[in-house]
Amino acid sequence: MRRNTLESVLSDYRRPLLSLALTVILLGSLAAAAVPSSAVETTLSGPDEVDRNDRMTVTATIDLEDGERVPIEAFQFTLSPTDADIDEPLTVTFAPNGTVLEVTPERGTINRGDIRIEQFTQSLTITPVENSASYGYGYRAGYDEQAGVTRQYGYGYGYGFGYGYGEQSELKYEISFDATSLDRESFNGQLSIDTGEETSFSSEVFQFEVVRPSNDDRRQDGDDWDDRGEWDGRDGDDADDRDDDDSDDRHEGDSNDRHDDWDDRNGDDDDADRGGNADRNGRSNDRSPGPPSFGFGWLTNASNWWVGLMEALFAR
């Protein structure tokens with residue numbers, strides 16, 4: 001009778017054991033393929049600082065690596081003052097085609113005026129720049145680098161490439177808004193993906209500074225900026241939006257219109273700031289110039305009136 005040695009047992013069950021080993025290897029390979037080796041990467045980029053009189057533009061990028069596919073209902077762009085203790089940031093929710101779906105809060109300000117929401121919303125534009133991702137059916141999973149976990153959503157529709165394509169798909173947008181809606185030196189921005197089940201795959205915080213124009217930079221083409229960085233329509237002087245002098249929109253000098261050197265009856269400037277040789281109605285005057293009145297123009301006017309009256313009486 002043959003004894004059951006290890007060698008005989010292995011000999012008898014060689015084929016079943018070999019099949020089991022191959023099955024374990026195959027299942028392990030499938031499991032490894034189901035988990036992407038690289039991350040779903042979301043980033044915000046742009047200038048480190050922006051002049052408060054200009055527009056701020058940041059670029060939002062979503063990279064989907066080989067083997068990754070995730071459901072994307074929308075994207076969320078958040079903006080908040082740096083180091084501010086606030087209940088909620090300004091949140092812009094936009095669709096994959098760039099359409100703005102919602103801005104919350106809808107009105108008011110963030111942190112007592114650091115972000116003026118209505119002004120921000122009115123100036124906001126989101127422009128799709130690139131979309132090399134495919135939308136299709138497959139197993140949906142991606143590694144969330146910020147959270148350090150692999151998020152799996154099962155089979156369904158999503159953005160990305162099927163496994164084994166060896167390519168990178170990308171979604172890119174330009175988010176632009178007026179910097180005049182911001183009233184603080186430093187702000188933080190962040191981008192996230194709304195998968196329909198959760199908000200995840202958040203980017204690293206992008207920080208930028210808002211620079212106020214200096215006193216010298218506030219003048220451009222002779223105009224002044226107000227304290228909000230907007231034009232106030234002045235003409236580059238200290239007057240009340242009038243001529244380039246310190247007078248009140250009259251002659252170039254310190255005199256006022258009631259004490260001009262010449263009255264309008266003598267053919268020079270009158271008190272309506274018109275040119276020479278014009279009377280009070282702007283008509284030409286042929287009378288020859290007389291002596292200066294030295295502030296007693298009323299006396300000259302009275303004398304002229306009496307002379308005219310006497311001439312009229314003798315003419316009869």
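Predicted model: local features only at pLDDT ≥ 70, side-chain atom pairs only at ≥ 80, totals over all residues.
Me: Hi! Which residues have the most contacts inside the largest nonpolar core?
Reply: Those are F75, F77, L79, I175, F177 and F208, in a core of 39 residues.

Me: Nice. And which elements each supply at least two residues of it?
Reply: There are several, including β3 (55–64), β5 (74–81), β12 (149–160), β13 (169–178) and the helix α3 (117–123). The largest share comes from β3, with five residues.

Me: Let's stay with F77 for a moment. What does F77 touch, not counting residues up to four places away in sequence?
Reply: Among its contacts are L90, T91, V92 and F94. F77 also touches L44, V58, I175, F177, G189 and Q190.

Me: Which residue is the bridge partner of F77 in β6?
Reply: That's V92. Five bridges join β5 to β6, and the two strands run antiparallel.

Me: Okay, and what does V92 stand opposite in β7?
Reply: V103. Strand β7 (residues 100–104) is antiparallel to β6, and four bridges join them.

Me: How many residues of β6 are buried?
Reply: Five of its five. L90, V92 and F94 are on one side and T91 and T93 on the other, so both faces are covered, with buried meaning under 20% relative accessible area.

Me: What about the hairpin of β6 and β7: which residue takes a positive phi there?
Reply: G98 does, with phi near 95 degrees. The hairpin has five residues between the strands.

Me: Switching topic: where is D114?
Reply: D114 is in the loop between β8 (109–110) and β9 (115–116).

Me: Is D114 buried or exposed?
Reply: D114 counts as buried, because its relative accessibility is 8% and the cut-off for buried is under 20%.

Me: So what is D114 in contact with, leaving aside neighbours within four places in sequence?
Reply: P81, S181, L182, D183, R184 and F187. As for R184, the C-alpha atoms of D114 and R184 are 5.5 Å apart in space, while the two are 70 residues apart in sequence.

Me: Last one, pockets. How many residues line the second largest pocket?
Reply: It is lined by 14 residues, and E41, T42, E145, Q146 and E204 lie nearest its centre. The space in this pocket is about 190 Å³.

Me: Which strand gives the most to that lining?
Reply: Strand β1 (residues 41–45), with four residues.

Me: And what is the lining of the second largest pocket like by class?
Reply: Five residues are nonpolar, five are polar and four are charged.

Definitions and conventions: Residues numbered from 1 in each chain as written. Heavy atoms only, no water. Core = buried A, V, L, I, M, F, W, Y, C linked by side-chain atoms within 4.5 Å. Buried < 20%, exposed > 50% of the residue type's maximum accessible area, 1.4 Å probe, protein only. Contact = heavy atoms within 4.5 Å. 1 Å grid on protein atoms, 1.4 Å probe; cavity = no way out; pocket = protein on both sides within 12 Å on 5 of 7 lines; lining within 4 Å. Points joined across faces, edges and corners; volume = space filled by probe spheres on them. Nonpolar A, V, L, I, M, F, W, Y, C, P; charged D, E, K, R; others polar. Pairing = 2+ DSSP bridges.
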